[in-house]
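Please keep the sequence and the model in view while reading.

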Amino acid sequence: MVTPADTRTIAIFGATGQTGRVIVRHLLAQAESRPLQLQIYVRDRAKLFTLCPGIDTKPHVQIFQGALTDVEVAKSTLSGAQIIVSTLGENDNVPGVRVLQDGANSIIAALEDLKAQQKGWQKPHVFYLSSSTYNARFAAERPPFVHWLIKTAFSHPYADLAKAQARLLESTSLLSITLIQPPVLIEEEGTGHEISTESVRLAVSYEDLGAAFMEMVLEDRYQELLAVGVSSKLGDRPARYAPEIFRRIFWGMLAHIKSLVF
Ligand SMILES: NC(=O)c1ccc[n+]([C@@H]2O[C@H](COP(=O)([O-])OP(=O)(O)OC[C@H]3O[C@@H](n4cnc5c(N)ncnc54)[C@H](OP(=O)(O)O)[C@@H]3O)[C@@H](O)[C@H]2O)c1
């Protein structure tokens with residue numbers, strides 16, 4: 001017999017994004033056969049309902065809507081969660097972007113309150129969508145110029161990621177964390193996922209990244225790792241990915257230069 005103590009409660013931030021929606025789809029399927037409780041933060045409930053029709057009728061799902069800076073909404077989302085998944089983020093090089101800092105600040109403030117208020121409170125584990133650019137081992141495999149190009153073309157979201165990640169990593173009394181550090185994210189069919197602490201390929205599809213997140217969320221052994229890369233098994237196809245990578249770098253560099261000039 002399943003007791004409430006057996007239930008794995010998972011708080012999810014970023015559920016309506018391209019990575020997050022795949023994770024939610026997988027976890028909803030898993031919840032048919034194992035005791036999972038999903039507590040989902042969104043800023044727009046209607047978007048989630050369009051992406052996941054019928055999700056509001058599932059007994060094991062709770063949805064919390066509000067501003068990302070609203071600590072009370074974060075507290076409701078996080079209450080009782082053993083696992084936190086964050087796939088919040090911004091892909092374009094938008095000056096001043098702070099979605100990740102806002103998310104990290106709210107999560108930390110909410111956990112401080114929950115820790116102070118709830119008897120028997122236990123530290124949750126966070127699976128946090130980061131980037132291979134912030135993994136020294138993975139980045140060292142790139143030619144230095146390519147590394148510089150990527151860091152510069154996405155300078156604003158990377159600045160946001162660096163600050164948010166640093167805050168979470170130093171909050172050791174409130175949470176433990178595994179950074180998920182993929183290479184280029186691509187919209188295409190999955191070819192199978194690879195989780196590695198040693199290396200990443202050129203690209204990972206959202207399908208494969210979402211499947212990898214699900215595996216890590218459900219298996220406790222991944223909580224011992226501070227940082228992992230996730231790639232698609234067929235993620236090393238430069239000719240296939242180059243046009244999309246160059247397009248993103250071109251527009252990212254333009255945005256970077258504009259933000260320096262204006
Ligand atoms: N692009 C790449 O090649 C690449 C490579 C490695 C790592 N990454 C990392 O991946 C992340 C992006 O992942 P993704 O493509 O899955 O993202 P995405 O599809 O853009 O989804 C982002 C999620 O964050 C939410 N969000 C954004 N701004 C918000 C705000 N101000 N308040 C509340 N929620 C907000 C979005 O909500 P809505 O749905 O309501 O907008 C959505 O759920 C980036 O942060 C980047 O660091 C990207």
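## Basis of the model

The model is predicted: local features need pLDDT of at least 70, side-chain atom pairs count only at pLDDT 80 or more, and totals for chains, interfaces and linings use all residues. Residues are numbered from 1 along each chain as its sequence is written, and side-chain values use heavy atoms, with hydrogens and water left out.

## The ligand site

The ligand is surrounded by 24 residues, the closest being T16, T19, K47, N91 and Y206; a residue is counted here if one of its heavy atoms lies within 4 Å of the ligand. Helix α1 (18-30) and strand β7 (184-186) each supply at least two residues of this shell. Helices (H or I, at least four residues) and strands (E, at least two) are DSSP runs, numbered from the N terminus.

A polar side-chain atom of R43 lies 2.8 Å from a ligand oxygen, and a polar backbone atom of G17 is 3.0 Å from a ligand oxygen. For R248, an N or O atom of the side chain is 3.1 Å from an oxygen atom of the ligand. The protein covers 83% of the 940 Å² of accessible area that the ligand has on its own, areas being computed by the Shrake-Rupley method with a 1.4 Å probe.

## Salt bridges

The whole structure holds 15 salt bridges, each a side-chain nitrogen of Lys or Arg within 4 Å of a carboxyl oxygen of Asp or Glu. One of them joins E207 and R25, with the closest N and O atoms 2.7 Å apart. This pair links distant parts of the chain, since E207 is in helix α8 (residues 206-218) and R25 in helix α1, 182 residues apart.

Another salt bridge pairs E32 with K58, at 4.0 Å between the closest N and O atoms. E32 lies in the loop between α1 and β2 (36-42) and K58 in the loop between α2 (45-51) and β3 (61-65), so the pair ties together parts 26 residues apart in sequence.

Methods
Polar contact = N/O pair within 3.5 Å; in protein donor to acceptor, adjacent residues only side chain to side chain.
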